[in-house]
Amino acid sequence: MLDDYEQYEADCQRIREANAQLLADFEAWLIRKNLTFKTIKKHIDNIDFYINQFLLYEDAVEPQEGIGAIGMFLGYWFIKKAMWASATSIRSNAASLKKFYTFLHERGMVSAEDLKLLKETIKEELPEWVETVERYDDPDITDMDEVWGF
C-alpha cells in the first residue's frame, strides 16, 4: 500500500503523462488557428507551466479541475514562484489560459459555464494582478502586506 506522498507522486506522474498528450493536442489546435510559431510556443510554455508546475505543486490536480484556480495562480503563486513574472507575462498567461480552456471546452472537458466564469474572472481581476506584480517588483515597497493588499 502506498503512503500519501507515494500516492501523490504516482498521481502526478499519471497526470503529467496525460498532460503531454493534451499539450500536443492543444498545439495542433493552435496550429489550425493559424497562429505564428512564436505565439504557439509561448502558449504551450505558459500552459505547460500552469498544468505541470502550479496544478501539481501541492496536490495532483488535473487541468480540467484547475479552471477555478486562475486567480490564485496569476494573482499570487505565479508572482512569487516565477522569476520572470511581470505585467507582460501575467497578460500573456491570461491569454494562454483563455485559449487553453476554450480548447478544453471544445473537447467537452469543461463546461460553457466554467469557461464563461474563467473569462469573467480574468477580465475583472487582470488589472489587480498586474498592479500586484508591479508592487512586488517595486524596490521601494518593503512591507509585503502592501504588495498583497492587506
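Here is a short briefing on the charged side chains of this structure and on the surroundings of one histidine. Please keep in mind that the model is predicted. A search of the whole structure turns up 5 salt bridges, and some positive residues gather in a surface patch.

**Salt bridges**
- E62 pairs with R14, with 3.0 Å between the closest N and O atoms. E62 sits in the loop between α2 and α3 and R14 in helix α1 (residues 4–32), so this pair ties together parts that are 48 residues apart in sequence.
- Both partners are partly exposed: E62 has a relative accessible area of 22%, and R14 has 44%.
- K41 and D45 form another salt bridge, their closest N and O atoms being 2.8 Å apart. These two are 4 residues apart in helix α2, which means that about one helical turn separates them.
- K41 is partly exposed at 43% relative accessible area, and D45 is partly exposed at 37%.
- R135 meets E128 in a salt bridge with an N to O distance of 2.9 Å. R135 counts as buried because its relative accessible area of 19% is under the 20% cut-off, whereas E128 is partly exposed at 38%.

**Positive patch**
- R32, K33, K98, K99 and K119 make up a patch of positive charge on the surface.
- K99 belongs to helix α4 (residues 87–106) and is partly exposed, with a relative accessible area of 31%.

**Around H43**
- H43 lies in helix α2 (residues 37–54) and is buried, at 7% relative accessible area.
- Beyond its neighbours within four places in sequence, H43 contacts F26, L30, L35, A95, S96 and K99.

Note on methods
Residues numbered from 1 in each chain as written. Predicted model: local features only at pLDDT ≥ 70, side-chain atom pairs only at ≥ 80, totals over all residues. Heavy atoms only, no water. Patch = residues over 30% accessible without salt bridge, like charges linked within 9 Å, V, L, I, M, F, W, Y side chains within 5 Å. Areas by Shrake-Rupley, 256 points an atom, 1.4 Å probe, with all protein chains shown as cover. Salt bridge = Lys/Arg side-chain N within 4 Å of Asp/Glu carboxyl O. Lys, Arg positive; Asp, Glu negative; His and termini not counted. Charge placed at Lys NZ, Arg CZ, Asp CG, Glu CD. Buried < 20%, exposed > 50% of the residue type's maximum accessible area, 1.4 Å probe, protein only. Contact = heavy atoms within 4.5 Å.
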